Amino acid sequence: MSATEFQLRVNDEAVAFVRVWLPVEAPVGCVQIIHGMSEHGGRYARFAKALNQAGFAVYAQDLPGHGRAARAPDELGHFADSHGWRFALQSIRAVQTEMRERHPKLPISLFGHSMGALLAQDYIVHHGRDIATCILSSATGNVGIMRVLGMGLLQAELKVAGPRHRSALGEAISIKMFNRRIKSPRTRFDWLSADPEEVDKYINDPRCGFRISAALWSEILTIGGRQCQPARLARIPKGLPILVLAGGDDPTAGGGKGPRSLVKAYAKAGISEVQLRSYDGARQEVLNDLCRDQVTSEVIEWLQEKSPARPR
């Protein structure tokens, strides 16, 4: 169950780097993983192998400016000089199209974590009818005061320093704030997980922990402020099963407050199959926290129940 890798052309100027984990036997379904900020798709290998054992094929791409999709130093943490969010969605769409060509009869489930969850939230507004289920990890219905305070400052930084500038301001209103909510933090990334070994893996990964660009920060805050607009939510298929995963001590989403607000907004929009599962004591990365085995098991059970998988 080791990963194979390929590159997929997204447009005339860019390619997506994709890892694939396939089960030993014929797959019963597919899962597309969209990773979070300042990380890469390779970090989901443990989760992918567990999904393989349940019969699911797994595809995890490196988003633009992340992992091996960053072709030059100034691309690291940067989607694009303009319309970067649209480009990232286009990249997700391209990989999903390739998955469908390789597995034409299998249902596709979308899994997004953190920034990847925000992308997935946007993706199902436009393409929700093309997937079987959606799983959102560390998602929120309200970016909160960070957006209110940060938008003006980030726009000013963007104009002065340019779109590719790696934003210390963005880091100050996010990562540094998150870690202040952790009691006696050992490192500056303790907000990710209550498991010190997992935090150290992140710190020691050369493709993790970098600052993102002023342009990307601006787009994250912009899209975060409109994700729960009723007109947008009305475009999501009412019967699309959605599972929201939350760490009870996740400082990026206000613990359970942000996920609960998202589930409430989806329910109000008439989306009938929305579930929230919160894990006490877990922080931002529930797949890399002390509860990871429970989370993985429950995600697989949910997929088997909700995704119209083909029998083996």
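Reader: Leaving aside its neighbours within four places in sequence, which residues is Gly67 in contact with?
Author: Gly67 is in contact with Glu39, His40, Asp62 and Arg207, leaving aside neighbours within four places in sequence. Contact means heavy atoms within 4.5 Å. This is a predicted model, in which local features need pLDDT of at least 70, side-chain atom pairs count only at pLDDT 80 or more, and totals for chains, interfaces and linings use all residues. Residues are numbered from 1 along each chain as its sequence is written, and side-chain values use heavy atoms, with hydrogens and water left out.

Reader: Where is Gly67 found?
Author: In the loop between strand S4 (56-62) and helix H2 (84-102). Helices (H or I, at least four residues) and strands (E, at least two) are DSSP runs, numbered from the N terminus.

Reader: Is Gly67 buried or exposed?
Author: Gly67 counts as buried, because its relative accessibility is 9%. Buried means under 20% relative accessible area, exposed over 50%, and partly exposed in between, with a 1.4 Å probe and protein chains only.

Reader: And how many Å apart are Gly67 and Gly42 in space?
Author: They are 8.4 Å apart, C-alpha to C-alpha, and 25 residues apart in sequence.

Reader: Now the whole chain. How many helices and strands?
Author: The chain has 11 helices and eight strands.

Reader: What share of the residues is buried?
Author: Buried residues are 58% of the 312 in the chain.

Reader: And what does the C-alpha trace span?
Author: About 55 × 45 × 45 Å along its principal axes.
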